[in-house]
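This briefing is for a reader who is new to the structure shown below. Please look over the sequence and the model before reading on.

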Amino acid sequence: MTEQNDLLTLLNRRIQKVTKLIKERNADGLLIFNQANYRYLTNFTGEEAQLILTAEGERILLSDSRFNDQIKAEAPGEIDVVMKTKDQDVEITNQLKKTNLKKVLIEGEFVSAVEFTKLQKLNPQVDFEICEELVEQVRNVKDPLELEALRTAINISMDSFNEILPLIKPGAVERKIGAKLDYYFKVNGGDGPSFDTIIASGVRSAWAHGVASDKMIENGDMVVIDFGAFYHGYAADITRTVAVGKVDQEMHKIYKIVHEAQRRGIEAAVVGNHGSDVDRAARSYIAEQGYGQYFGHGIGHGIGLEIHELCQPALPFGKQELINNMVHTVEPGIYLPNKGGVRIEDDILINDNTPETLSTLPKDDLISL
């Protein structure tokens with residue numbers, strides 16, 4: 001019972017923070033379609049649901065009979081549950097009429113233009129206003145329950161990586177190593193991979209998102225492994241680059257550059273700085289070393305209930321002021337076309353002026369297998 005009470009206390013805090021934002025927009029409620037967002041406010045993990053959250057903190061969860069018992073088991077506190085039997089927009093309309101809400105915010109990223117237009121026609125009495133990433137603003141800062149889940153997801157990911165490391169050798173197939181890694185995520189207590197596992201070897205290591213393929217690993221290959229497990233819905237995201245046999249000396253050189261760039265980026269991940277400061281600290285060093293043109297992606301993103309947070313158009317990482325208990329990646333890379341690449345990525349907890357690296361796999365020296 002204590003565990004359930006603790007969860008309810010956390011949910012109520014989250015609800016209070018979101019309703020504060022609703023009131024700041026002079027609205028009466030928020031219509032939520034994003035699964036991560038309604039999970040954050042109810043603890044219900046099922047799909048294809050919608051949540052109406054009023055400015056006073058009342059919650060109406062629209063689901064269907066498949067999830068009836070699951071909702072009872074997962075969602076604590078006072079919540080009105082509606083089992084949909086009709087068209088989704090009709091069911092939403094019925095609930096909006098009952099609550100008499102006049103101005104309702106609606107998640108612009110998760111409702112189609114067709115559905116938005118239909119809801120407007122069905123609800124002429126309601127002033128719908130598109131909003132972007134309202135709940136996400138609150139989700140950016142993790143509470144104790146979330147931090148515990150993230151730490152566990154990261155530990156599961158690291159344990160699983162260590163189990164597949166001996167498999168990385170000449171003749172091994174990228175896809176088979178990736179499948180084994182995904183398997184260990186579950187064996188070690190996770191919910192499965194938090195994204196499509198990247199195993200990119202040889203020239204493919206220069207592909208920033210080289211998802212595991214049928215390519216065989218060869219002697220002299222650099223291998224970029226980008227991986228992470230889900231645990232209780234929370235995502236880890238780690239990258240390590242290893243060498244198979246003797247690799248080109250330039251690969252050793254760029255590994256050291258990326259490692260130092262990441263160190264500088266992590267060092268800049270302190271309260272009061274912005275994501276752009278983290279990016280600048282890492283990117284400027286890579287540029288100074290003559291490889292600036294080969295680092296084309298952003299320095300990082302948030303992680304949490306979604307693998308990519310703090311990177312959407314409304315909440316870009318670069319513009320975000322860093323606040324205690326945000327968790328984000330720092331992942332510089334150098335990618336040399338037709339030759340190979342290096343990326344090192346860790347998950348960082350903002351902790352005053354001492355950022356905590358949650359993922360602690362070895363990285364000081366290029367691992368040679």
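The points below cover salt bridges, cysteines, a charged surface patch and backbone angles.

The structure is a predicted model. A search of the whole structure finds 25 salt bridges and zero disulfides. A negative surface patch is also present, formed by Glu-56, Glu-58, Glu-78 and Asp-80.

**Salt bridges**

- Side chains of opposite charge can pair when their charged atoms come close.
- Arg-240 and Asp-346 meet through their side chains in a salt bridge, with an N to O distance of 2.8 Å. This pair links distant parts of the chain, with Arg-240 in strand 12 (residues 238–243) and Asp-346 in strand 18 (residues 346–349), 106 residues apart.
- Arg-240 counts as buried because its relative accessibility is 1%. Asp-346 counts as buried too, at 0% relative accessibility.
- Lys-339 forms a salt bridge with Asp-248, and the closest N and O atoms are 3.6 Å apart. Lys-339 lies in the loop between strand 16 (333–336) and strand 17 (340–343), and Asp-248 lies in the loop between strand 12 and helix 9 (249–267), so the pair ties together parts that are 91 residues apart in sequence.
- Lys-339 has 36% relative accessibility and therefore counts as partly exposed. Asp-248 counts as partly exposed at 39% relative accessibility.
- Lys-215 and Asp-221 form a salt bridge between their side chains, at 2.9 Å from N to O. Asp-221 is buried, with a relative accessible area of 8%.

**Cysteines**

- The search of the whole structure for disulfides finds zero. Cys-131 is in no disulfide, and the nearest cysteine sulfur, that of Cys-311, is 17 Å away.
- Is Cys-131 buried or exposed? Cys-131 is buried, with a relative accessible area of 1%.
- Cys-311 counts as partly exposed because its relative accessibility is 38%.

**Negative surface patch**

- Glu-78 is one of the residues that form the negative patch, together with Glu-56, Glu-58 and Asp-80.
- Glu-78 is placed in the loop between helix 3 (68–74) and strand 4 (80–83).
- With 76% relative accessibility, Glu-78 counts as exposed, because that label applies over 50%.

**Backbone angles**

- Most residues other than glycine have a negative phi.
- Glu-48 has a phi near 60°, a positive value in a residue other than glycine. Glu-48 is found in the loop between helix 2 (35–42) and strand 2 (50–54).
- Asn-338 also has a positive phi, near 60°, and is a residue other than glycine. The place of Asn-338 is in the loop between strand 16 and strand 17.
- Asn-338 counts as exposed because its relative accessibility is 74%.
- Lys-339, of the salt bridge with Asp-248, lies in the loop between strand 16 (333–336) and strand 17 (340–343).

Terms used. Residues numbered from 1 in each chain as written. Predicted model: local features only at pLDDT ≥ 70, side-chain atom pairs only at ≥ 80, totals over all residues. Heavy atoms only, no water. Patch = residues over 30% accessible without salt bridge, like charges linked within 9 Å, V, L, I, M, F, W, Y side chains within 5 Å. Areas by Shrake-Rupley, 256 points an atom, 1.4 Å probe, with all protein chains shown as cover. Salt bridge = Lys/Arg side-chain N within 4 Å of Asp/Glu carboxyl O. Lys, Arg positive; Asp, Glu negative; His and termini not counted. Charge placed at Lys NZ, Arg CZ, Asp CG, Glu CD. Helix = DSSP H or I, 4+ residues; strand = E, 2+ residues; numbered from the N terminus. Buried < 20%, exposed > 50% of the residue type's maximum accessible area, 1.4 Å probe, protein only. Disulfide = S-S within 2.5 Å.
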